[in-house]
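Open the model in your viewer and keep the selection tool at hand. This tour goes stop by stop.

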Amino acid sequence: MPASPMLISRGRVLDVDGDLDRPAVSDIFIENGHIVAVGADAAKAAVQRAEVTKIDAGDKLVIPGLINAHYHSHDTMLRGLFEQLPLDAWMLYSGPGNYSRPSPSRIGLRTMLGAAECLLNGITTVQDMPAMSQADHDQINAIVAAYEQSGIRVVLAPQISDRAPVECVPYWRGLPAASDPLLANGVNVRDYKTLIEERVGSVDMARLSWAIGPSGPQRCTDDLLSWTAAVARRHGLQIFTHLYEARSQAVLARQLYPQGSLLDHLAKFGLLGPHLTVAHGVWISRQEIERFGAAGANVVCNPISNLKLLNGFAPVVEYAKAGANIALGCDNCSGNDAQNMFQAMKAFALMWGMYSGAGEEGAARSAYKAATIGGARALKKADEIGLVRPGYRADLVLINLTDTAYRPLNSAVKQLVFGESGKGVDTVIVDGRVVVEKSRLTTISEAELHRSAEAWRAELSVESMRVSKRNEGFLRDILAAYEEANRYPIEFDRFLLRQQ
Ligand SMILES: [Zn+2]
């Protein structure tokens with residue numbers, strides 16, 4: 001049932017093309033989940049309706065709901081467990097294949113846990129790439145049901161790959177760890193492909209869109225990449241994948257692929273274009289960025305995860321100069337470990353500043369743009385979300401301007417990007433429905449969610465100890481392979497933010 005019409009009055013609406021410092025005070029009228037009017041027309045439109053929910057935003061900053069354009073819901077239970085592990089080693093601890101297969105209700109719980117954190121931090125749309133432990137409709141149904149109940153908007157792309165991990169990371173072959181079935185064996189994806197093909201054409205809930213999620217070009221056989229291109233074309237779907245997250249992936253590209261390029265490999269299958277959204281794009285060459293931008297492709301920068309998993313700094317300004325669309329994400333819960341776009345925006349803006357010339361302006365605006373309309377474009381939703389304008393979906397966040405972060409209010413965008421932690425998020429609206437009110441979820445019981453998560457944690461901690469014990473025997477070799485890949489010569493360095 002659609003929410004009743006709503007008038008949000010007297011808020012300062014932060015439009016990316018408007019006054020970013022002292023945004024104009026405006027009213028917003030919402031009906032049938034859409035923004036109908038912004039400004040003087042809003043109150044007039046509201047007068048003509050019988051039942052209108054009224055929200056006084058007199059001391060609020062109104063922004064479009066933030067878009068977390070790269071995220072995985074499968075490891076929300078593992079937050080806070082790891083530190084200082086490079087990507088390839090971290091996967092030995094965090095991958096769902098390490099743990100016993102959860103029941104659908106637990107899959108629902110872990111999905112809800114992440115959705116709750118997103119909403120409370122002002123994220124109204126999330127692009128989720130969950131790893132699936134089984135090609136099973138019940139698993140997908142549990143994820144969809146959790147998103148439905150939470151009230152968040154989601155672009156769902158179950159992650160799929162079929163090559164053995166040992167083939168995807170340089171210098172892993174021949175290591176004692178490589179004989180472990182978890183690393184030595186690829187996955188037969190026949191049933192996964194059938195499952196995904198059955199789902200992508202369906203309408204599961206109004207706020208859910210399907211997409212295709214090959215895990216990474218190096219993790220997929222040619223057959224799987226061909227299938228990806230065909231299914232995406234047939235259903236008009238966006239393709240989400242990881243590209244050049246770690247230095248080791250640039251090394252693998254040079255060792256394994258004829259042109260030494262993972263981007264070239266994607267292009268061979270027709271996967272390079274506006275329909276492609278890659279996460280990370282850290283260890284990409286200047287020539288590849290030019291090609292990427294010219295193709296109109298999208299990159300999702302995950303600055304916090306890139307630092308925590310020791311991957312370095314994405315060349316964000318080079319992407320922008322090449323014409324690529326830039327979005328922002330938070331990535332895994334065990335590799336960040338927060339679903340907080342304010343942290344992501346701040347890290348992005350700081351990087352942007354370091355890459356730009358001294359005295360230049362625009363770092364905060366670039367971060368805000370990436371977290372809103374940049375994300376919308378990367379999710380193929382540029383005409384639906386990411387702006388507070390008539391015709392767009394009513395996905396809005398009201399932020400308390402009474403917080404000390406905004407006193408005095410010199411620049412809304414700079415204080416939002418550099419000063420907001422998330423505690424200022426007061427009200428969150430998705431599709432015209434209030435899902436967070438006075439910083440509390442209206443759709444689910446937070447206390448119940450926390451109790452269930454703690455109960456599961458007790459069981460999981462036994463499993464994570466077992467995983468740690470097993471990895472003790474592998475870690476030295478895996479880290480040695482990581483160091484060997486680091487010594488392989490590459491013509492640029494993404495561990496440095498600015499080079500002399
Ligand atoms: Zn990821």
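A donor here is an N, O or S atom within 2.8 Å of the metal, and water is not among the atoms. Keep in mind that this is a predicted model.

**Stop 1: the zinc ion**

Select the zinc ion. Which protein residues are its donors? They are His70, His72 and His242, each through NE2, and Asp331 through OD. These donors lie 2.0 to 2.6 Å from the zinc ion. Along the chain their spacing reads H-x1-H-x169-H-x88-D.

Are they buried or exposed? Both His70 and Asp331 are buried.

Next, look at the angles. Why is the arrangement irregular? The 4 donor atoms subtend angles of 85 to 172 degrees around the zinc ion. A tetrahedral site would need all angles between 85 and 135 degrees, so the arrangement counts as irregular.

**Stop 2**

Where the domains touch, 30 residues come from domain 1 and 27 residues from domain 2.

Then select residues 61–435. An unreviewed UniProt entry places the feature "domain: Amidohydrolase-related" there. Over this range the chain is 40% helix and 17% strand. The end C-alpha atoms of the range are 17 Å apart.

**Stop 3: helix α16**

Select residues 412–419, which form helix α16. Which of its residues are buried? They are Ala412, Val413, Gln415, Leu416 and Val417. Now show what covers them. The cover includes strands β5 (60–64) and β17 (396–400). It also includes helices α14 (341–355) and α15 (363–378).

**Stop 4: the cysteines**

Select the cysteines. How many disulfides are there? The count comes to 0 disulfides; a disulfide would need two cysteine sulfur atoms within 2.5 Å.

Start with Cys168. Its closest cysteine sulfur is in Cys220, 8.3 Å away, which is too far for a bond. Cys168 is buried, with a relative accessible area of 7%.

Finish at Cys330. Here the closest cysteine sulfur is in Cys118, 6.9 Å away, again too far for a bond. Cys330 is buried too, with a relative accessible area of 1%.

How values were computed
Residues numbered from 1 in each chain as written. Predicted model: local features only at pLDDT ≥ 70, side-chain atom pairs only at ≥ 80, totals over all residues. Heavy atoms only, no water. Buried < 20%, exposed > 50% of the residue type's maximum accessible area, 1.4 Å probe, protein only. Helix = DSSP H or I, 4+ residues; strand = E, 2+ residues; numbered from the N terminus. Contact = heavy atoms within 4.5 Å. Donors = N, O, S within 2.8 Å, 3.2 Å for Na, K, Ca; no water. Tetrahedral: all angles 85-135°; square planar, octahedral: opposite > 155°, others 65-115°. UniProt positions renumbered as here; feature names shortened; annotations may be inferred.
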